[in-house]
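Dear colleague,

I am handing over the structure below. My notes on salt bridges and strand pairing follow it.

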Amino acid sequence: MSRRFGPTAREPATPLWWGTIGLRVLTLLFALGAVIVHSDGYQRPWLAWTVLGAMALWTVATALVYAREALRWRWRWFVLADVVVTCALMLTSPWILTDAQNAAVAPLITTVWVAGAPVAAGTRFGGVGGVAAGLVVAAATGIARQGFTLDVARDGVLLVASGLLIGMSATTARKSAAVLAEALRTEVANAERERLARDIHDSVLQVLARVRRRGAELGGEAAELAELAGEQEIALRALVTTGPTRHSTGETDLRAALQLLGSSKVQVAAPAGEVNLPSRTTAELVAVVREALSNVDKHAGAAAKAWVLLEDVGREVVVTVRDDGPGIPEGRLADAEGEGRLGVVRSMRGRVAELGGTISLETAPGQGTEWEIRVPRK
């Protein structure tokens with residue numbers, strides 16, 4: 001079953017499956033004509049017609065399976081069986097053709113009908129599967145011909161090339177369909193989020209904004225409530241303006257996940273587009289950033305502000321967390337490690353190291369603190 005398209009979704013490579021069916025039918029008709037022309041010279045004409053009948057039955061069977069809309073009905077084992085049956089029928093040729101026919105390079109009993117197997121394997125398994133099936137059928141052709149000739153080499157190249165090209169086309173079709181489906185889901189999610197943002201702006205956000213302004217004017221305990229209302233206003237705005245973090249491909253958008261950390265004391269700057277990474281990588285990076293922001297709250301003072309910068313530089317992503325606090329005195333982290341307090345080492349450096357990345361610290365008394373995290377995409 002395809003993980004991307006589900007058990008009943010239309011398979012993106014369906015036109016290629018129908019092309020495979022059409023190829024099988026046309027090549028079967030060609031094989032029929034070849035048998036009619038050469039049957040008088042066969043050493044076992046009855047076997048030739050028997051094999052041709054088996055080819056017809058297998059053509060019908062493959063057509064019934066390959067015509068199904070969902071990929072799950074095109075079983076892997078059936079496609080493999082298609083290659084085996086095709087080779088088995090072709091290997092009956094030495095018992096059908098005479099030595100004179102074989103020397104004259106008369107068509108094998110299956111003729112070009114065997115091309116359907118590499119095409120079906122390429123459609124089901126991609127380029128690698130198509131090439132593998134083409135090599136297997138080419139080897140069977142050499143055995144049926146009882147020798148390696150220029151004609152065998154030519155047929156082998158054509159079989160491998162057809163499996164490769166069809167396999168690459170099928171893979172491209174499936175990837176394109178997955179990208180299109182993801183884009184459509186994102187568009188629907190964005191439209192729904194915009195609708196919710198309008199509704200929330202007209203009600204909840206306006207109330208929170210009014211509470212924040214009025215509380216600041218009154219002062220005292222009302223000012224504390226105003227600050228809390230302001231925090232919730234910022235968090236709610238980030239929530240309704242941020243796209244979905246998780247995608248059907250198994251990746252998550254690091255940009256959207258980091259934007260949810262924004263508050264009145266934390267500003268997040270990120271690229272305009274999505275920064276998709278494996279879910280585990282995103283979760284670990286968000287945890288590292290949370291730890292850095294937690295240290296700002298604990299050690300930089302209540303008035304300190306922090307900035308989170310996300311950069312996508314292609315092969316890796318860079319996350320920078322900077323604050324305007326008093327900074328970390330030289331040797332403080334080494335002393336903490338010596339005293340057995342390994343929070344920063346294990347929670348931040350350990351997480352980044354497990355992702356194959358690096359983390360560096362720049363700080364000085366009175367100059368704030370800056371963490372730079374670099375993690376490769378793969």
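Is arginine 154 buried, partly exposed or exposed? Arginine 154 counts as partly exposed, because its relative accessibility is 46% (buried means under 20% relative accessible area, exposed over 50%, partly exposed in between, with a 1.4 Å probe and protein chains only).

Before the rest, the basis: this is a predicted model, in which local features need pLDDT of at least 70 and side-chain atom pairs count only at pLDDT 80 or more, while totals for chains, interfaces and linings use all residues. Residues are numbered from 1 along each chain as its sequence is written, and side-chain values use heavy atoms, with hydrogens and water left out.

Salt bridges

A salt bridge here is a side-chain nitrogen of Lys or Arg within 4 Å of a carboxyl oxygen of Asp or Glu. By this rule there are nine salt bridges.

Asp151, Arg154 and Asp155 are linked in a network of them. Between arginine 154 and aspartate 151 the closest N and O atoms are 3.1 Å apart; between arginine 154 and aspartate 155 they are 3.4 Å apart. Arginine 154 and aspartate 151 both lie in helix 7 (residues 150-218), three residues apart, about one turn of the helix. Helices (H or I, at least four residues) and strands (E, at least two) are DSSP runs, numbered from the N terminus.

Another salt bridge joins arginine 377 to aspartate 312, with the closest N and O atoms 2.5 Å apart. Arginine 377 lies in the segment after strand 7 (369-376) and aspartate 312 in strand 4 (residues 306-312), so this pair ties together parts that are 65 residues apart in sequence. Arginine 377 is partly exposed at 22%, as is aspartate 312 at 33%.

Strand 7

Which strands pair with strand 7? Two strands pair if DSSP finds at least two bridges between them. Strand 5 (residues 316-323) is joined to strand 7 by eight bridges, running antiparallel, and valine 317 stands opposite valine 375. Strand 6 (residues 358-363) is joined to strand 7 by six bridges, also antiparallel, with threonine 363 and threonine 369 as bridge partners. The hairpin of strand 6 and strand 7 has five residues between the strands, and in it glycine 366 takes a positive phi near 80°.

Strand 7 has a covered face of Thr369, Trp371, Ile373 and Val375. Its uncovered face holds Glu370, Glu372, Arg374 and Pro376.

Regards
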